[in-house]
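Subject: Structure handover

Hi,

Here is the structure I promised to pass on to you.

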Amino acid sequence: MLQQVNGHSSSPDTHGKKPLREDLQEFLGREAPLHLLDDLTKVNPVTLETVLRCLQARYMADTFYTNAGCTLVALNPFKPVPQLYSPELMSEYHTAPQPQKLKPHIFSVGEQTYRNVKSLIEPVNQSIVVSGESGAGKTWTSRCLMKFYAVVAASPTSWESHKIAERIEQRILNSNPVMEAFGNACTLRNNNSSRFGKFIQLQLNRAQQMIGAAVQTYLLEKTRVACQASRERNFHIFYQICKGASADERLQWHLPEGAAFSWLPNPERTLEEDCFEVTREAMLHLGINPPTQNNIFKVLAGLLHLGNIQFADSGDEAQPCQLMDDAKCSFRTSASLLWLPEDPLLEALQIRTIRAGRQQQVFRKPCSQAECDTRRDCLAKLVYARLFDWLVSVINSSICADPNYWTTFIGLLDVYGFESFPNNSLEQLCINYANEKLQQHFVAHYLKAQQEEYAVEGLEWSFVNYQDNQTCLDLIEGSPISICSLINEVGRVRPCAEHKWGFGLFWGLEDYPVPLLLHLPNGFANPYTPSLSGSLSRLCDNSAAMGAMGWGLRGVPLTFVADCPSRPTQECRLNRPSSAGQLQTRIERALAGSPCLGHNKLSREPSFTVVHYAGPVRYHTAGLVEKNKDPVPPELTRLLQQSQDPLLKVLFPADPEEKSQEEPSGQSRVPVLTVVSKFKASLEQLLQVLHGTTPHYIRCIKPNSQGQAQTFLREEVIHPGPKPLCREPRKALAFLREEVLSQLEACGLVETIHISAAGFPIRVSHQNFVERYGLLRRLHPRTSPATHSPSDVGHSVPGPLVDSAAVSHLWRLLWQPVSREALGS
């Protein structure tokens with residue numbers, strides 16, 4: 001069309017005013033063929049409106065991959081597209097002389113990383129960061145990339161080496177169904193949602209053949225074992241054993257048909273992920289033999305029966321809570337499946353053991369009904385977390401290559417997407433903290449890529465300012481005071497109930513002095529003012545026994561809320577809920593100067609708001625500190641070490657040094673690592689690995705979700721995933737622009753667009769520029785004849801064929817800004 005416009009003769013005899021006006025209206029008012037643009041940074045102009053229009057046009061044309069600078073945007077098709085991931089297409093991208101000139105695809109990213117490894121240009125190691133919210137297709141993308149590398153990175157020279165390579169590739173691919181069965185679950189947003197993060201290291205030898213792999217996992221959502229949200233499910237493996245077990249296995253595992261389990265909600269739903277045989281076959285390929293598999297499934301059945309154990313309130317604090325009548329059968333079955341003695345198991349759930357005083361005197365205190373339920377849940381989470389970690393170690397031992405044989409690697413990072421729910425807690429804080437760190441890494445890498453591109457073009461430029469999220473990171477992890485440090489700090493405080501009092505030590509930040517706090521009820525005077533010397537030790541030693549039994553000095557009810565530094569405090573930490581309001585107050589006071597800390601004064605629940613790069617998120621402080629401490633009663637660990645089950649013996653080995661570690665003396669106590677501290681350390685290690693690689697980014701986007709109006713609910717599929725069970729022809733074509741925009745913000749692509757727009761947003765080759773904008777030369781007014789050279793004689797120079805007001809009006813229509821509210825129109 002542009003060539004036709006530019007091909008018009010300039011003679012006034014052949015061009016009238018009307019044809020040029022029509023040409024201008026077509027040029028300025030028509031929509032560009034956006035579905036043909038394969039890079040979002042090349043739309044003109046680079047605005048959110050044009051980017052959304054481009055993505056929508058490509059999605060409606062069944063084109064699901066689009067570049068965005070150094071990032072690949074992957075739209076979830078919500079329908080099976082077999083030809084999009086065929087072996088033939090893998091081969092096409094692998095053998096193409098210039099794969100970057102092919103259509104954008106995850107295979108083009110995979111091939112680019114593989115060629116970078118072969119080029120041996122530093123940094124040789126590569127990494128691919130796959131991100132996006134739940135249901136966007138991260139798991140499917142990682143799975144397809146692993147299949148791609150298994151095909152292109154396998155070129156053995158002999159039949160024997162071919163069989164070895166084939167076996168290794170099969171084991172690497174078989175690790176997926178096992179980890180998905182034990183680590184994925186059905187949520188409101190996705191039928192196959194990964195409830196953990198993972199970094200898969202694909203190991204290559206000097207010939208760039210894939211000879212092994214290693215898996216590192218992050219932050220398994222183990223609370224799902226004992227607590228599932230409404231309309232959500234437990235981990236897939238529990239449903240697989242209940243639906244796929246044979247008659248003999250049901251009898252052996254005590255899983256009769258139609259049995260009801262408290263921790264197995266929504267069992268009537270049948271999903272593709274409920275296939276038990278796929279998991280068993282994959283475990284067999286990984287070296288987990290049938291007897292070991294049977295042992296694993298028996299333990300899982302024991303956890304299901306454990307969830308049916310309920311306690312009745314004793315009504316007397318001095319008496320332990322007893323099992324309810326309908327829970328006694330489940331209790332005996334669970335003890336039998338876990339090979340645990342019944343009496344010690346019941347005692348571990350009913351009685352809390354407290355060690356106090358210099359002589360480490362042991363006191364036994366009956367637990368309340370809520371505390372019994374908490375210890376039951378803790379036992380299940382402890383077993384499942386150890387089992388999951390053990391499975392990961394088995395997978396690594398099966399697929400990991402000898403360090404002497406592999407020289408380079410390609411890493412696949414499948415991370416949680418940015419999360420914001422009505423009720424956000426520690427899990428969302430850690431997830432969004434990780435996204436903040438990865439966003440900082442991404443922006444730094446993209447800015448570097450922009451600088452290199454401008455340098456190659458020989459452009460003179462000074463880069464504009466961009467939104468740096470360092471302020472938000474300082475709020476979350478900064479030193480000396482941050483949200484993480486305050487959560488850890490408050491976790492060291494054992495507050496008293498209002499009607500009780502006790503002696504408490506408040507442990508501040510590591511670099512701060514340790515003040516002494518005495519918690520007293522109204523009307524009581526402080527009977528002691530001890531110092532941090534020997535008098536304090538005597539005070540703690542003398543009051544420990546009375547505090548452990550619930551009575552203080554002068555007969556005043558007492559909760560012994562802290563110990564002196566010479567005694568371990570793990571026993572006292574359990575079942576001592578920290579004040580949610582106290583944490584909110586400390587965060588608001590200590591971090592009031594941070595611009596990324598928001599406040600919600602109208603909220604009735606204690607909370608704080610963090611303004612992330614993707615938007616503000618309100619975190620509820622109730623239960624946050626307890627989740628961070630993640631306390632495990634020593635009685636439960638010792639109980640599991642008594643089990644005669646072969647698998648539990650491996651998961652909980654008897655440690656001869658454990659007793660000395662549990663009962664340290666003097667100042668030798670080792671600080672207890674919290675969830676936040678461990679996650680922060682693992683995240684720092686991950687970023688060190690990424691900094692040593694050439695990163696690539698795939699941002700997965702889902703064009704709609706099932707949380708829309710009823711019309712969309714009827715049109716959408718139930719499962720927004722890569723392999724739905726059933727689908728009607730037009731149900732996959734809903735593209736909700738406002739929802740897509742929020743995901744672009746959450747994964748950092750809006751920042752990419754802003755950086756591109758602030759630099760050189762118009763990226764058109766010189767030839768295309770002349771072809772497109774040559775028409776504008778005809779808009780200049782005719783100059784005087786004296787200004788024309790002799791060569792112009794006999795040629796007609798067109799005059800102004802349209803009035804300037806009409807051109808200005810059309811120009812404003814094209815370049816006028818589009819409001820955020822109009823995006824959904």
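Helix H15 and helix H16 (residues 470-477) have axes that come within 10 Å and cross at roughly 145°. Axes here are lines fitted to C-alpha atoms, for helices over the stretch in contact, and angles run from 0 to 180 degrees between N-to-C directions. The crossing of H15 and H16 is left-handed (the near helix is turned anticlockwise from the far one by less than a right angle; clockwise would be right-handed). From H15, Tyr 433, Glu 436, Lys 437 and Gln 440 meet Gln 470, Cys 472, Leu 473, Ile 476 and Glu 477 of H16. Sorted by class, the contact of H15 with H16 has four nonpolar, two polar and three charged residues. For those classes, Ala, Val, Leu, Ile, Met, Phe, Trp, Tyr, Cys and Pro count as nonpolar, Asp, Glu, Lys and Arg as charged, and the others, Gly among them, as polar. Contact means heavy atoms within 4.5 Å.

Before you go further: this is a predicted model, where local features need pLDDT of at least 70 and side-chain atom pairs count only at pLDDT 80 or more, while totals for chains, interfaces and linings use all residues. Residues are numbered from 1 along each chain as its sequence is written, and side-chain values use heavy atoms, with hydrogens and water left out.

Now the whole chain. Its secondary structure comes to 30 helices and 18 strands; helices (H or I, at least four residues) and strands (E, at least two) are DSSP runs, numbered from the N terminus. Of the 825 residues in the chain, 51% are buried (under 20% relative accessible area, with exposed over 50% and partly exposed in between, using a 1.4 Å probe and protein chains only). Among contacts with a separation of 6 or more, 71% are between residues 24 or more positions apart.

Strand S16 (residues 607-612) is joined to S17 by six bridges, and Phe 608 stands opposite Tyr 619 in S17.

Eight bridges join S6 to strand S7 (residues 210-218), with Met 210 in S7 as the bridge partner of Leu 204. The hairpin of S6 and S7 has five residues between the strands, and Gln 208 takes a positive phi near 60° there. Seven bridges join S6 to strand S12 (residues 408-414). In S12, Leu 202 has Ile 410 as its bridge partner, and Gln 201 has Gly 411.

One more helix pair: helix H12 (residues 328-337) packs against helix H13 (residues 342-350) at an angle of about 115°, with the axes 10 Å apart. That makes H12 roughly perpendicular to H13, a label for angles of 65 to 115 degrees (under 35 is roughly parallel, over 145 roughly antiparallel, the rest oblique). H12 passes H13 in a right-handed crossing. Phe 331, Arg 332 and Ala 335 of H12 make the contact with Glu 342, Leu 345 and Leu 346 of H13.

Last, find Asn 116 in helix H5 (residues 106-119). Asn 116 is buried, with a relative accessible area of 17%. Leaving aside neighbours within four places in sequence, Asn 116 is in contact with Ile 121, Gln 126, Thr 694 and His 696.

Cheers

Notes. Pairing = 2+ DSSP bridges.
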